[in-house]
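Dear colleague,

I am handing over the structure shown here, and a summary of the findings follows it. Please read the two together.

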Amino acid sequence: MTGSVWRAENVHVSFGTTPRSRALDGVDLEIRSGEIVALVGESGSGKTTLARVITGLQAPTTGQVLLDGEPLGTGQRALRAYRRRTQLILQDPLGALNPRHTVYESVAEGIRLHGLAASDPEGRSEAELVAAALSSAGLRPPERLFLRYPHELSGGQRQRVLIAGSLALSPELLIADEPVSSLDASIRGEILALLLRLRETLGLGVLVVTHDLGLAWNIADRVAVMYLGRIVESGSTEEVLQRPQHPYTRALLSVVPEIEGMEQTILTGEIPDPARIPPGCRFHPRCPALERGEASAAGVDEACRTQDPRLLPLPLPGHAAACHLAQVRAGAATGTATESGRTS
């Protein structure tokens with residue numbers, strides 16, 4: 001696959017003083033042009049913070065974001081150029097759109113900020129650029145919407161206006177934070193189909209931030225599962241969702257109606273406070289495999305409670321999991337030694 005490559009590299013984000021709240025705790029994630037990556041996890045897992053870091057809206061405490069191997073600049077001019085290429089679509093279109101602005105004004109805002117009408121290689125006017133962006137987002141004929149206000153639109157139309165505002169800047173990466181969570185089922189399908197079409201026709205990269213593994217199943221090429229500031233499993237959608245290796249991924253999948261043949265697992269308790277991350281595997285206080293004795297049978301129950309597992313490759317191509325039990329099982333399946341006892 002050709003095109004640009006975005007990479008978050010060993011990203012940490014901490015807030016507060018003592019104790020520090022570790023919103024992101026050593027995250028690596030790569031996104032390429034022409035692919036859709038789903039970032040999945042419960043509320044409080046760090047997904048939105050990571051999306052803001054990749055967009056350049058949140059500076060990492062340590063670590064870095066790279067575009068095509070070059071670190072993200074910190075100056076105003078560099079960030080402005082970067083944010084034109086990397087656009088964030090917020091999850092609440094009614095809240096994101098200014099109620100006093102017409103559809104035309106909402107989409108034209110970015111065009112004016114970046115002076116795109118004056119530099120358009122095809123010589124298009126501002127109105128033509130706005131119309132083209134609305135058409136690309138599936139709002140046709142676009143001129144009929146120019147003078148309408150957000151409250152006059154349906155939920156699906158408002159979401160498309162947000163997407164049009166991003167498309168007006170000709171970005172290379174769209175980061176969509178829960179893009180369909182507030183929409184009816186039929187409209188959800190239309191918005192997901194739009195993102196797929198944009199990936200195909202424009203070669204865009206798309207990072208979809210969601211709590212819904214069913215959505216990832218329908219749209220993503222790759223999946224990264226986050227828990228408490230870390231990516232705990234990653235790989236192709238087929239590998240992660242058909243052969244999940246981390247108990248957290250299994251639990252999330254077990255309640256997805258579209259995925260059959262998996263025993264339902266109800267996670268107990270709440271995701272811990274990121275200022276008080278448990279020792280050992282951060283998932284172990286809620287881990288069904290530990291509760292059922294599977295970790296004990298594999299001889300890793302003590303490691304689960306005391307040793308922080310690294311995200312390590314599994315025998316399946318491109319598949320990785322941060323789980324002592326998964327590493328033992330992988331070693332048993334291949335007849336090789338496991339690295340599950342190594343800590344980060």
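In what follows, two residues are said to be in contact, to touch or to meet when they have heavy atoms within 4.5 Å of each other. Helices (H or I, at least four residues) and strands (E, at least two) are DSSP runs numbered from the N terminus.

This is a predicted model, in which local features need pLDDT of at least 70 and side-chain atom pairs count only at pLDDT 80 or more, while totals for chains, interfaces and linings use all residues. Residues are numbered from 1 along each chain as its sequence is written, and side-chain values use heavy atoms, with hydrogens and water left out.

Helix pairs

I begin with H7 and H8. Gly156, Gln159, Arg160, Ile163 and Leu167 of H7 meet Ile187, Glu190, Ile191, Leu194, Leu198 and Leu202 of H8. By class, this contact has seven nonpolar, two polar and two charged residues. Here Ala, Val, Leu, Ile, Met, Phe, Trp, Tyr, Cys and Pro count as nonpolar, Asp, Glu, Lys and Arg as charged, and the others, Gly among them, as polar. The axes of H7 and helix H8 (residues 185-202) come within 10 Å and cross at roughly 20°. Axes are lines fitted to C-alpha atoms, for helices over the stretch in contact, and angles run from 0 to 180 degrees between N-to-C directions. H7 and H8 are therefore roughly parallel to each other; angles under 35 degrees count as roughly parallel, over 145 as roughly antiparallel, 65 to 115 as roughly perpendicular and the rest as oblique. The crossing of H7 and H8 is right-handed, a term used if the near helix is turned clockwise from the far one by less than a right angle, with left-handed used if anticlockwise.

The second pair consists of helix H4 (residues 103-113) and helix H6 (residues 126-136), which pack at an angle of about 110° with their axes 9 Å apart. That makes H4 roughly perpendicular to H6. H4 passes H6 in a right-handed crossing. On the H4 side the contact is made by Val103, Tyr104, Val107, Ala108, Ile111 and Arg112, and on the H6 side by Glu126, Ala127, Leu129, Val130, Ala133 and Leu134. By class, the contact of H4 with H6 has 10 nonpolar, no polar and two charged residues.

Thr102 lies in the loop between helix H3 (93-96) and H4. At 10% relative accessibility, Thr102 counts as buried (buried means under 20% relative accessible area, exposed over 50%, partly exposed in between, with a 1.4 Å probe and protein chains only). A polar atom of the Thr102 side chain lies 3.4 Å from the backbone oxygen of Phe146. A polar contact is a pair of N or O atoms within 3.5 Å; within protein, one must be able to donate a hydrogen and the other to accept it, and residues adjacent in sequence count only if both atoms are side-chain atoms. Not counting residues up to four places away in sequence, Thr102 touches Phe146, Leu147, Arg148 and Tyr149.

Gln87, in strand S6 (residues 86-89), is buried at 14% relative accessibility. Its side chain reaches the backbone oxygen of Arg83 at 2.6 Å. Leaving aside neighbours within four places in sequence, Gln87 is in contact with Ser166, Leu169, Pro171, Leu173, Leu174 and Ile175.

Backbone features

Most residues other than glycine have a negative phi, and most peptide bonds are trans. Against that background, Asp68 has a positive phi of about 55° although it is not a glycine. Asp68 is found in the loop between strand S4 (62-67) and strand S5 (70-71) and is partly exposed, at 40% relative accessibility. Leu228 has a positive phi near 50° and lies in the loop between strand S9 (222-227) and strand S10 (230-236). At 1% relative accessibility, Leu228 counts as buried.

The peptide bond from Thr18 to Pro19 is cis, with omega near -5°; Pro19 lies in the loop between strand S1 (5-15) and strand S2 (21-32). The bond from Arg140 to Pro141 is cis, with omega near -10°, and Pro141 lies in the loop between H6 and helix H7 (155-167).

Around strand S12

Ala320 is found in strand S12 (residues 320-321) and is buried, with a relative accessible area of 11%. Pro315, in the loop between strand S11 (312-313) and S12, is partly exposed at 48% relative accessibility.

Yours sincerely
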